[in-house]
Amino acid sequence: MAFHTQSCGDCSLCCTLLGVSSIGKPPNQHCPHCPTGKGGCQIYDRQPKQCGGFECGYLTAPIAVQFRPDNIHFIITGEDRKLRCQFIDVDPKFPHATETPNGRYLIGMMRAGGYRDIVVTTGGAHRVISDSPARAAILIHELEKRQQAAQPTSG
Ligand code: SF4
Ligand code: SF4
């Protein structure tokens, strides 16, 4: 399988799936600063910290281009080494993306790489790919705690 130097190319899936609070961009809504939806940020030189700080799993690992987020319809958005899980965000337009042959292959590779569980978020709903229902429940609880902690507080 041929690997390449990782770059976004025509992908801009994170600019749709992920929320960017500082510019009021909700999750799962395409960002107006990438009007083509085919890569390129019009405000790259002054882009929000959230965008500049995002570590896409595709860009940080030697993953072949057929597994680029726009081709596979999900993004590896993070990991928790202590909990040995990785997080993915699925494009709600392709809710079964993790069940396609390429989706299954990539998730198999992630799990073979030492991540026991994969936390899948699709349109705000969470599920866990795991061999253990008990661990899956713990991870969902942990995720909800983190999300509550990340909520802005009033006053
Ligand atoms: S999802 Fe990853 S590969 Fe696609 S545009 Fe965002 S950072 Fe680049
Ligand atoms: S500001 Fe730029 S990098 Fe951030 S979501 Fe919008 S198009 Fe993407």
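Helices (H or I, at least four residues) and strands (E, at least two) are DSSP runs, numbered from the N terminus. Colour by them and you'll get 5 helices and 4 strands, running α-α-α-β-β-α-β-β-α along the sequence. Before zooming in: this is a predicted model, where local features need pLDDT of at least 70, side-chain atom pairs count only at pLDDT 80 or more, and totals for chains, interfaces and linings use all residues. Residues are numbered from 1 along each chain as its sequence is written, while chains are lettered from A and ligands numbered from 1 in the order in which they are written.

Next, select the largest nonpolar core, 25 residues. Such a core is a set of buried Ala, Val, Leu, Ile, Met, Phe, Trp, Tyr and Cys residues joined through C-beta atoms within 7 Å; buried takes 20 or more other C-beta atoms within 10 Å of a residue's own, with C-beta atoms placed from the backbone. Phe74, Ile75, Ile88, Ile118 and Val119 have the most contacts inside it. S2 (85-90) gives the most to this core, with 4 residues.

Now click Ile88. Beyond its neighbours within four places in sequence, Ile88 is in contact (C-beta atoms, placed from the backbone, within 7 Å) with Phe74, Ile75, Ile76, Thr77, Ile118 and Val120.

Then pick ligand 1. Which residues are around ligand 1? With a C-beta atom, placed from the backbone, within 6 Å as the cut-off, they are Cys8, Cys11, Ser12, Leu13, Cys14, Cys56, Tyr58, Leu59, Arg68, Pro69 and Ile75.

Last stop, ligand 2: its surroundings include Cys15, Cys31, Cys34, Cys41 and Cys51, plus His33 and Gln47.

Definitions and conventions:
A residue is buried if 20 or more other C-beta atoms lie within 10 Å of its own, exposed if 12 or fewer, and partly exposed in between; C-beta atoms are placed from the backbone. Two residues are in contact if their C-beta atoms, placed from the backbone, lie within 7 Å.
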